Amino acid sequence: MTPRAARPSSQPRRDVEPLRLAFIVQRYGEDVNGGAEYHCRLIAEHLAPQHQVEVMTSCAKDYITWRNEHRPGLDEVNGVRVRRFKVRRPRDPDRFGRLSQKVFLGRHSEKDELAWLDEQGPFSPKLLSFLKRRHDDYDYFIFFSYRYYHSFFGVQAVAPKAVLVPTAERDEVINLDIFKGMFNLPRAIVYNSVEERSMIWKTSGNRAVRGEVVGVGSDVPSSIDPELFPSRYRVSGRYIIYVGRVDPNKGCRTLFNYYRRYREETKTPLELVLVGGKMMEIPEEPGIRYVGFLSEAEKWSALVGAELLVMPSELESLSMVTNEAWSVGKPVLANGKCDVLAGQCRRSNAGLYFEDYYEFREALSRLESDAALREGLGENGKIYYRDHYRWEVVEGKYNRMLSLLREEDRLKPPVIARVGLLARLTRFAGQARQVVA
Amino acid sequence: MSTFSAKGSDIDVEAIMANIRKKIEEKRKGLYTEEEVREIAEMQLDAILDSNQFNSDFVAAFRARDEQWNYTFTPETIYASSRGGGGGLIRSLRGLLNPLLKLFFNPNPIISALSRQSDLNRYYVLMLHNMTTEMTRLNLEFTNLKARLRTLGVRVDFQTKREKTFEQLATSNREAREARESREPREPREPRETREPRQARESSSRESASGEGRRRGRGGGGGGRRPYRRRRGGKPNGGRGGDSGSRDSGGGSGGGGSK
């Protein structure tokens, strides 16, 4: 997902009961680039006009080291109140590497997994103790990314008020024993895709927990200048586009190999335009054009001008850029090994997918040569986006879920055990008073 | 719950994909798939090259039992008889009739060829044995080199990680020093101040190391495990469902990245 400035489009709604919501995420800010973090920011900003929203996060900007870079305390980002907590200990890459090897490759215990989680971070016990002390001040806590320290221990601390947005991928972390119980704890889970929900159901058996497939919307501009990108970057011919981090982990190496071979075999004039941060060497070959980061207007212009979006990543819990391509009626050529992307293509009827080079070649050549097919897939994409990923739909799903929880809580208020010696003494004193009376 | 599907036009992606796969299958007919080619390339000639199965006394055993696998052929062989005492008489008779036989055909080239073939058989066995010995030796050497390469690879990985850690440490130290210097305006320098930043850095790193150690000693990091410890009964479980998932032993070492 590509970070960009988001503007809350929602207006306060009278039919929604305002709630005090806390969003808990590992990093937060406009300068933070990360899928889950951006997802959290968009949701928080879109729910802020209707609810009292506060974000709790760490002071870190870098997810590798979790070094404290922001000032702890209160802050404000795009009108949303943000409370930052210091990370007590940055990540030790050596120790983390050793623990990861042990936990994912060798025989290990739950203690090892917990040690891995501590090192995974962001290790901020202050955030946890704040949650425990001040849970009465909030109606619900919405945790993002199950795999981090704050979610694992935070969900346990305020389980009766916790809503989890797991942003889970089909990787080895989901199989760790410590997480199996965790998915049974929250009051509700907001999934990004049907495939993510199936995977978590299968891993943790948490069908009893209320869950809804929601995802996240996109801020599609009302008008897009199709000439802006071609004129500014001197792109004159037909092209396919990749938007996102240019990274081997995102399948870019495979994409380069396949594209090179496709170009050699078919002598296609189609260029491959790459948009986003560069995390690997990009081959300097005919047809491959890297344009780096683009402004929002340029990005949408580039998307509109492309023949199709190519999405080679094998691990995605939700591809926002795929939804964006569909929102402007562009078909998608996705990696079929990613069950989320393949599932989305099948359900939307708006994209083809490949699992090896031969499928890539056939699918791309068909899309390249058949304008009617491209148009039909794009139209389907538009419908799919309109029905499932418009902000009104996404906000509506969140509000409906929160209202249901609220109604349940009215009948039976959630009870969270207090912590600390004083709390225990107070409770004991109350019981003693009742006995004496 | 919404079905998360759209049927906007008569396009059916699954049908298109099935069609694409069928077309690929037709093109591939009669050819090896990429996976098969890779498999063949990786196939090892274990039967010949496995040093454990190799018998170094092979040639000696063959030579000792020459008559069991080879034949002996001399110019007299075709006239010989296996009938004991009577056999001598028969052989003499055949010798007498030999000029008559030569009227029909010349047996000498056959005798010569068969005799030579018998020698060649022995020679081939020896040659094959030598080749097998050599290949086995090469295979052992190759295995050793592979093991050595793996060890070196592990060492390189370790050194790379170490280097990265040192780089990060150096960067964070430099940033900390810069931050400290920017916070505290420098006083006029005394002559020995030229060595001070390094000393300060060393002492600060020592202090931070000992401070970290003390904190850990008092239970630093316990904040992380404390919530779990209270739940000593086992995995976190809210009592709202069981733990029925099965766990695959996952590969890879990821999981640290942000999505």
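Analyst: This is a predicted model, in which local features need pLDDT of at least 70 and side-chain atom pairs count only at pLDDT 80 or more, while totals for chains, interfaces and linings use all residues. Residues are numbered from 1 along each chain as its sequence is written, chains are lettered from A and ligands numbered from 1 in the order in which they are written, and side-chain values use heavy atoms, with hydrogens and water left out.

User: How many helices and strands does chain B have?

Analyst: Helices (H or I, at least four residues) and strands (E, at least two) are DSSP runs, numbered from the N terminus. Along its sequence, chain B reads α-α-α-α-α-α-α-α-α-α. The count for chain B is therefore 10 helices and zero strands.

User: What percentage of the residues of chain A count as buried?

Analyst: A residue is buried at under 20% relative accessible area, exposed at over 50% and partly exposed in between (1.4 Å probe, protein chains only). In chain B, with 259 residues, the buried part is 15%. For the 437 residues of chain A, the value is 62%.

User: Why is helix H3 of chain A described as largely enclosed by the rest of the structure?

Analyst: Helix H3(A) covers residues 110–120. Its buried residues include A:Leu114, A:Trp116 and A:Leu117, and also A:Asp112 and A:Glu113. The helix is largely enclosed because the buried residues number nine of the 11.

User: Which residues touch the most other members of the largest nonpolar core?

Analyst: A nonpolar core is a set of buried Ala, Val, Leu, Ile, Met, Phe, Trp, Tyr and Cys residues joined through side-chain atoms within 4.5 Å. Contact likewise means heavy atoms within 4.5 Å, and, leaving aside neighbours within four places in sequence, A:Leu333 is in contact with residues including A:Leu308, A:Met311 and A:Leu367. Of the 98 residues in the largest core, those that touch the most other members are A:Phe23, A:Ile241, A:Leu333, A:Leu352 and A:Phe360.

User: At what angle do H10(A) and H11(A) pack?

Analyst: Axes are lines fitted to C-alpha atoms, for helices over the stretch in contact, and angles run from 0 to 180 degrees between N-to-C directions. A:Lys299, A:Trp300 and A:Leu303 in H10(A) meet A:Glu324, A:Ala325 and A:Ser327 in H11(A). With axes 9 Å apart, H10(A) (residues 296–305) and H11(A) (residues 320–327) pack at about 65 degrees.
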